[in-house]
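Student: Please take a close look at one part of this structure for me. I would like to follow the strands of a sheet.

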Amino acid sequence: MDVARSYLDHAATTPMLPEAIEVMSRELGRVGNASSLHASGRAARRVVEESRELIAERLGARPSELVFTSGGTEANNLAIKGLFWARRSPERQRIVFSSIEHHALLDPVTWLAAHEGARIDVTPVDRQGRIQLDALHDAVEQNPADITVLTTMWANNEMGTIQPIREVVELARAHGIPVHSDAVQAAGYVPLDFTSSELDAMTVTAHKLGGPVGVGALVIKRDVTPTPLLHGGGQERDLRSGTVGVALIAAFAKALDVTVARQAEQASRIERLRQRLVDGITRLVPDAVVNGDPHSGHDHRLPNIAHVTFPGCEGDAMLMLFDAQGVEVSTGSACAAGVPQPSHVLLAMGFDEIAARGSLRFSLGHSSTEADVDRVLEVLPAVHERARAARLVRGGTR
Amino acid sequence: MRVIAAMSGGVDSAVAAARAVEAGHDVTGVHLALSRNPRSYRSGARGCCSIEDAGDARRAADTIGIPFYVWDMSDEFADEVVEDFIAEYTAGRTPNPCLRCNEKIKFAAVLDRALALGFDAVATGHYAQLRTAGDGTIEMHRALDHGKDQSYVLGVLTQEQLKRSLFPLGGDTKNVVRAEAERRGLQVAHKPDSHDICFIADGDNAGWLSEKLGPKPGQIVDEDGRVLREHEGAYQFTIGQRRGLRLGVPADDGKPRFVLDIEPVSGTVTVGPREHLLVDTLECVRPLWCGASPTEPLECTVQLRAHGAEHRARVTVLDDDRLQVALLDPADGIAPGQACVIYDGTRVVGSGTISRTERVAAARS
């Protein structure tokens, strides 16, 4: 119970930056609905708008392109459902998306297919988890006019593989197809510039970059108008009704500001930590396989994620054994009941179910230290040995 | 000891986990996910396999202050318990899936995994008592609360399994356990008990089986071979069953009729009067002994179904795989496939699976 915790699950959520906590605490102490017309309302509105301007600047967007939401899931739903509903017609029903999207995108798409008549078109990925552009090209050219929206995440949340967003946009632009990208994992770890990306919409969330849980944004061009999910007071360009969370937005802005300012320096520091981790893992467990793109960099892989398959082990057994030693990692996804599921991302990359179940994601962040990495390596041999023994037992009962 | 507490989300396993902690063990809570699709099994208060139950188990672990994980045992459960259940009914037998789950999942797959992961034992909320005998062997006895006693469904456990098991509730009544749950602030203190079979969501075993197996038409006949009606599948019937036979015409003597026999190949279901259900000799296969196997015929008692009565009996080992059980008190409604658990007083001696029954001589004539 009292063991020191080494947190290597920053891709799930990362600690709030002290600067963001300070701003949020201050703003929580104030009254004022940003839609009210009196002085307190105007003061709240001013905080929201200054935050919007700061976030926009840090993301290479215009302030008017920011629609605040409750987080990444809502922003993805607004982009995909909203654009599908706004653009569909009897001749236009298709959604093109990659096979490695997060559930926050995958599930709205499959829901639209099941309930709203959407036709879905999945873009395959290669063994590193990068979409196959020739397949995407064919999918688009097959009938560009029937695509309502095309979406590809900026960087994958399990692998860290960065997607060729510029090329994706290129394929769609000639036909006027709106392109969305879920940049939740990328934001803060690689430079993002919405305007020069030429995307039509992009999802970001605060809690992956040192801000609070409960706020995110859909960055969306002014001439792109999705059908709103929420109707009410007409806040956020009428696209997202609901009283805006002043303190959340202010903390989001602060976190993004600090993170972007330190991005290059942090990325190289974190990449070194990751290398130390990966070197240690492959030294201690020679048959461990590090998945995804081996190279780091803006066109390759996020600096903070190491996804590793341990042959002959089950990821959930390793997670539990690591946890008992104070090391916190992830197996990828779990269902609502908490059952570890083989990741659809790994299956899409061509892994079989056993390899998919035998994998762990280590993800680093702004608070990670060499001591965190060394703690993983210190306990890994015993964890690995036990997990392998447990897998053998399991094989024997089947 | 390092202990895995199997937590179903119910009150019993929650209190068992809390008591294991208090006994000084290093306890980790584990909820077993047994369904391949968690939404497909029964939800809420009636079962042990739903998302709500996983959540209840998690909250109990929070309150007790122990780590908690969900273990996916759905493949093992499907193979060992659900498939077996279907196969047994197909063969005209009446299986007990809870017993099977204890034998193959909770005290086998789970225990083996726990041991491999560095744990020493598995604790559950079953009502049964373990005692260490003078020679160091572990004896399993009926729970103090005979109304809640679950030694019958644990009767398949071997000495090796019993040595790695903890049943912290065996010495108490359910009321005591519920009161303790409340005192400990466990949210599940007033959760209703689960009944029936966890993987059959609505408790309609016959409906579930007919969905899985499809129609297998056959006949219901009386003991003279007269056809009373056609049926959709013999698996919808259990020996000793009276309700739901829908025979239309009453028996000649006007008395209620019961299922006496099920012939799996033809699907013929024979019905007759209650007296003809009486059985005084059983043959069992797959004998399992809690300790050493007996060399002499045993004067003992046997229990033939969950929450069933005890019958005085003499058990003779015929060979490594067969037992003969002579019942001094004849029993009715005994179906092949059910477990025969053998007791010496309150102590579980062993068990076998009933493979054949013989009716008492008077009834046979």
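Tutor: In chain B, strand E8 (residues 218-222) runs parallel to strand E11 (residues 268-272), and three bridges join the two. Strands here are DSSP runs of at least two residues (E), numbered from the N terminus, while helices are runs of H or I with at least four. Two strands pair if DSSP finds at least two bridges between them. One bridge sets B:Asp222 against its partner B:Val271 in E11(B).

A word on the source. This is a predicted model, where local features need pLDDT of at least 70, side-chain atom pairs count only at pLDDT 80 or more, and totals for chains, interfaces and linings use all residues. Residues are numbered from 1 along each chain as its sequence is written, and chains are lettered from A and ligands numbered from 1 in the order in which they are written.

Now the whole sheet. It is open and holds four strands of chain B, in the order E9-E8-E11-E10, with mixed pairing. Strand E9 (227-231) and strand E10 (258-263) of chain B stand at the edges; each has a single partner strand, so one side of each lacks a neighbour in the sheet. On average, neighbouring strands of this sheet are turned by 25 degrees against each other, direction ignored. The axes are lines fitted to C-alpha atoms (for helices, over the stretch in contact), and angles run from 0 to 180 degrees between N-to-C directions.

Last, the domains. Chain B is assigned domain 1 (2-190), domain 2 (215-276) and domain 3 (278-364). These bounds come from an automatic or database domain assignment.
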